[in-house]
Structures are given as structure tokens and as C-alpha cells.
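Hi everyone, thanks for coming. Please have a look at what's on the screen before I start talking.

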Amino acid sequence: MSPEDFRSHLLDDDDHAAAAALASATGHERHNAVVILGSGLASLAQQWSADAVGRLRDLPGVAAPTADGHVDEWRSLELAGRRVLLMLGRTHLYEEVGRREVTAAVRIAAAAGCTRAILTNANGCLQPWQLGDVVTITDHLNLTASSPFDGGVFLDPRGVWDSALAAATSEVTKRSGTYAALRGPEYQTVAESRQLAASGADVVGMSTVHEALMASALGLEVSGLSVVSDLSFDPGPTDADTVLASAARAQATLGQAIECALAYA
């Protein structure tokens, strides 16, 4: 299967029905970009004024997020010169859903006309960085033992993370690196953290890579922004409350980086 065939193979009736539902609810036939907010980052949406709001679960093919720090809501707004579809939560592989549900948001965005995806998340950091730092994702390790694709979708993943968008957002974040995706929901052991660092990972999490692969296959430019929410080599325990609190500290930088990625021509 060639890249020209990917869209017809990957988009299904639910995706097109959800795009039609968004057009009806928002009054906009097309959106230009999708932004997905990760763990603890939903409150970032409060700084932007939306003109239409709905529940993710009401879109065909979408499962309501169940993880801490994720909100079952989408918003439509004008931001940085684009009509943006903003998702305040996501579904993860560990939530007992199928791979189609994990990538539903980016497929719907593609069906709705989006040409750019900005994917955010919270991470465990393998570098000597600080809680609340924002890292531009420039590459990834898919260690989930899973792919978002079936059939002959032979995607070249070297071009998934748009290099021009990464260069632009790195000017804001001052950090960039490789994101390792694990299935979760447990955090990694110290030995696993050492192995990940030795393998070239800078940060680690439980999301985003399936979405990025799907978005790229559908022809979207992909930008990744990851918030340092846990220091993986810290001797203290890791818990969800710490992750969410740390993510909240990054909102000013993250908001600026998102707007930078949207505005980039």
C-alpha cells in the first residue's frame, strides 16, 4: 500500500460521521489543526476562548478518557490564525480499549480537514532537567509492543515529527529530545529507566506515539510537546498527583509553544 492509499484505508465511517457532527455543532465545515492536551494539562484551555464545546464521548468512535488529569471534552476555537479543534483529554492503551479508540481523535481531525497536529503529554524525565520543563519531541521509541496500523501500512516513521515545527518550538521550550512510549499503566523501574536512557530516550510516557504515527500517515504535520512531570532517577516515589501538579507548572511555556506551532507557516 502506498502513502496515497493510507487515508482511504485508515479513515472509517465513524471518523467521517464524527467530522460531520463537529461541522454541525461548530458551524465550521473544516478545522485547520488539532491540539491534544495530556495529563494534567486540560486547565490550559481556560486561557483560550472557545465558541463551541462538546463531549468527546458523543463523537462516533471515541471513548471517554478515564485517566487522571484528562477531561471528556472537545472545544472549537480560533487561535493563532487557525480554526483549532482542542481535545482536553485522550485515551490510552492501558484503558482497556482498542487501538482504534487511541487514535480516534487524530483520525477525526484528519477527516475534519486538519493539516497539523500538536500532541502534548506529561513525561518521566531521564535527563537532569527540572519539573515543569517543556521538551520538544524530535524522535520516539515505540516500546508499547503495538502499532496503530493493520494491513500493509508501511509508514516510514523517520518523518513523523516535523523538523521545521520542532525547530520553531525548541526556541520556546529550550529543551528537545526523544520520547519513549511504554504501554503502562505502571511507571518504570530504576533498571528500566537505566535501560531507556542507554537506548537514547530523554523522556518516557504512556501515550502520543500511536497518535503521531496515525497523524503522519494521514498527511498531518506533527508537533510534540512533553512536560517534565516526574524525575525518573529521583529516589522518591512516583505518583499521579505529583505528575499532575508538575504538569500544571508548565502552562505558560506550553501555551506559548502551542501557539508557536500553530502560527508557524
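I'll go through the cysteines and then the salt bridges.

A quick word on the ground rules: this is a predicted model, where local features need pLDDT of at least 70, side-chain atom pairs count only at pLDDT 80 or more, and totals for chains, interfaces and linings use all residues. Residues are numbered from 1 along each chain as its sequence is written, and side-chain values use heavy atoms, with hydrogens and water left out.

Is cysteine 114 buried or exposed? Buried, with 3% relative accessibility. By that I mean under 20% relative accessible area; exposed is over 50%, and partly exposed is in between, using a 1.4 Å probe and protein chains only. Cysteine 260, at 22%, counts as partly exposed.

Okay, on to charges. Side chains of opposite charge can pair when their charged atoms come close. I'm calling it a salt bridge when a side-chain nitrogen of Lys or Arg is within 4 Å of a carboxyl oxygen of Asp or Glu. There are 13 of those here.

One of them joins arginine 100 to aspartate 15, with the closest N and O atoms 3.7 Å apart. Arginine 100 sits in helix 3, residues 99–102, and aspartate 15 in helix 2, residues 13–26, so this pair ties together parts that are 85 residues apart in sequence. Helices here are DSSP runs of H or I with at least four residues, strands are runs of E with at least two, and both are numbered from the N terminus. Aspartate 15 is buried at 1% relative accessibility, while arginine 100 is partly exposed at 32%. Both belong to a network of salt bridges that also includes Asp12 and Arg107.

What does arginine 99 pair with? Its partner is aspartate 150, at 2.8 Å from N to O. Here arginine 99 is in helix 3, and aspartate 150 is in the loop between strand 6 (134–142) and helix 5 (163–173), 51 residues apart. Arginine 99 is partly exposed at 29%, and aspartate 150 is partly exposed too, at 48%.

Last one: aspartate 58 and arginine 55 form a salt bridge, with their closest N and O atoms 3.1 Å apart. Arginine 55 is partly exposed, at 42%.
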